Amino acid sequence: MGTQTLLSLCVCLLLATCSFADKEEERHGAVSSKFQRLHQEAGHDQHMDHQAILGSKKLAEKFDELSPEESKMRLGVIATKMDADSDGFVTMSELTDWIYRSMLALDKEETDERFDDIDANNDDVITWEEYLHDTFGTDNDLPLDPEDQKLLEEDRRYFKAADLNGDGKLSMEEFSGFQNPEHYPHMHETLIEVTLSEKDTNGDGKIELKEFLGDVVGDENSEWYTIEKSRFKEDYDLDKDGFLDKTEVRQWLIPDLKETAAHEAEHLISSSDKDKDGQLTVQEIVDEHVLFVGSEATNFGEHLTIHEEF
């Protein structure tokens, strides 16, 4: 979950099927969680594939304005940049590294946007009052409706944890920790505590399946229920005791971005590697431009600049 994944990712991480979760995702947004959630729901989401290559949601949206021919040409330039050792092949390792940096770039883009939206007086810091006004439409801590009040109190804890110098304001770097707590070790304990307080309804310090599923627990026929139940049992409940303890909650909420990137790279290679040699040529990537970038293309100069920052 990112104050909030692709976060992965995701929470960060998590159940975004109801309005509560939608608002939570807007507040904290791990890229990794976005990748994981979208791939869970639809097998695989092509828009996420595009963002994994481009490193920018904005740039991915610009693709629709270009012809397939232009898209292929620009994708060819990007694919050449993926080939870090210039040997003519994009290996699993090279594609994983590229996607990993794209995920970081996606988080940075989202964080920068949120920071600019909230920083009303453009003084390059965000006060708690500015955050309240932008997110909850209020300038004080007066009680809101119960759901929003709960979110507000959670955000207060994230804000305090992110405010490393204790001045009551968040710089851009501090705000990045607030927005993406899964990426910052000093935010991890707060992320876990807030999640446990939200999910652990019986107060036993663990999360059982019913608590994990939350509002969707009664909809046993939904695809989401089936997928999340399976992930709980197979991926998160490591000791198979029917509960997520604090260690397992940590692993659930704080994904390994490299591992998430590797899964995405594996998907792209398996779908594009026509000669089955485990790596991609530039031509194989361009031939699958619909998978990599759809009918869209990017301002590759901007894209490469984003990656060079990392």
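These legends describe close-up views of a predicted model.

**View 1. Helices H5 and H6 pack against each other.**
H5 covers residues 68-82, and H6 covers residues 92-118. Their axes lie 9 Å apart and meet at an angle of about 110°. Angles of 65 to 115 degrees count as roughly perpendicular, so H5 and H6 are roughly perpendicular to each other. From H5, the contact draws on Ile78, Lys81 and Met82. From H6, it draws on Glu94, Leu95 and Trp98. Four of these contact residues are nonpolar, two are charged and none is polar.

**View 2. Serine 86 sits in the loop between H5 and H6.**
Serine 86 is not a glycine, yet its phi is positive, at about 55°. Is serine 86 buried or exposed? Its relative accessibility is 63%, so serine 86 counts as exposed.

**View 3. Helix H6 crosses helix H9.**
H9 spans residues 172-179. The axes of H6 and H9 come within 10 Å and cross at roughly 110°. H6 is therefore roughly perpendicular to H9. The crossing is right-handed. On the H6 side, the contact is made by Glu110, Thr111, Asp112, Arg114, Phe115 and Ile118. On the H9 side, it is made by Met172, Phe175, Ser176 and Gln179. By class, the contact residues of H6 and H9 are four nonpolar, three polar and three charged.

**View 4. Aspartate 124 lies in the loop between H6 and strand S1.**
S1 is formed by residues 126-127. Aspartate 124 has a positive phi of about 70°, although it is not a glycine. The relative accessible area of aspartate 124 is 56%. The cut-off for exposed is over 50%, so aspartate 124 is exposed.

**View 5. Helices H8 and H10 pack together.**
H8 runs over residues 146-162, and H10 over residues 185-199. The two axes are 9 Å apart, at an angle of about 165°. Angles over 145 degrees count as roughly antiparallel, so H8 is roughly antiparallel to H10. H8 passes H10 in a right-handed crossing. H8 brings Lys150, Glu154, Arg157, Tyr158, Ala161 and Ala162 to the contact. H10 meets them with His186, Met187, Thr190, Leu191, Glu193, Val194, Ser197 and Glu198. The contact of H8 with H10 holds six nonpolar, three polar and five charged residues.

**View 6. Valine 293 lies in the loop between helices H16 and H17.**
H16 covers residues 289-292, and H17 covers residues 300-308. Valine 293 has 1% relative accessibility, so it counts as buried. How far apart are the C-alpha atoms of valine 293 and arginine 74? They are separated by 9.9 Å, while the two residues are 219 residues apart along the chain.

**View 7. Two spans listed by UniProt as "domain: EF-hand" are shown.**
The unreviewed UniProt entry gives this label to residues 70-105, 106-141, 150-185, 234-259 and 260-295. Residues 70-105 are 75% helix and 0% strand. The end C-alpha atoms of residues 70-105 lie 24 Å apart. Residues 150-185 are 61% helix and 6% strand. For residues 150-185, the end C-alpha atoms are 24 Å apart.

Methods:
Residues numbered from 1 in each chain as written. Predicted model: local features only at pLDDT ≥ 70, side-chain atom pairs only at ≥ 80, totals over all residues. Heavy atoms only, no water. Axes fitted to C-alpha atoms, helices over the stretch in contact; angles between N-to-C directions. Helix = DSSP H or I, 4+ residues; strand = E, 2+ residues; numbered from the N terminus. Parallel < 35°, antiparallel > 145°, perpendicular 65-115°, else oblique. Contact = heavy atoms within 4.5 Å. Nonpolar A, V, L, I, M, F, W, Y, C, P; charged D, E, K, R; others polar. UniProt positions renumbered as here; feature names shortened; annotations may be inferred. Left-handed = near helix turned anticlockwise from the far one by under 90°. Buried < 20%, exposed > 50% of the residue type's maximum accessible area, 1.4 Å probe, protein only.
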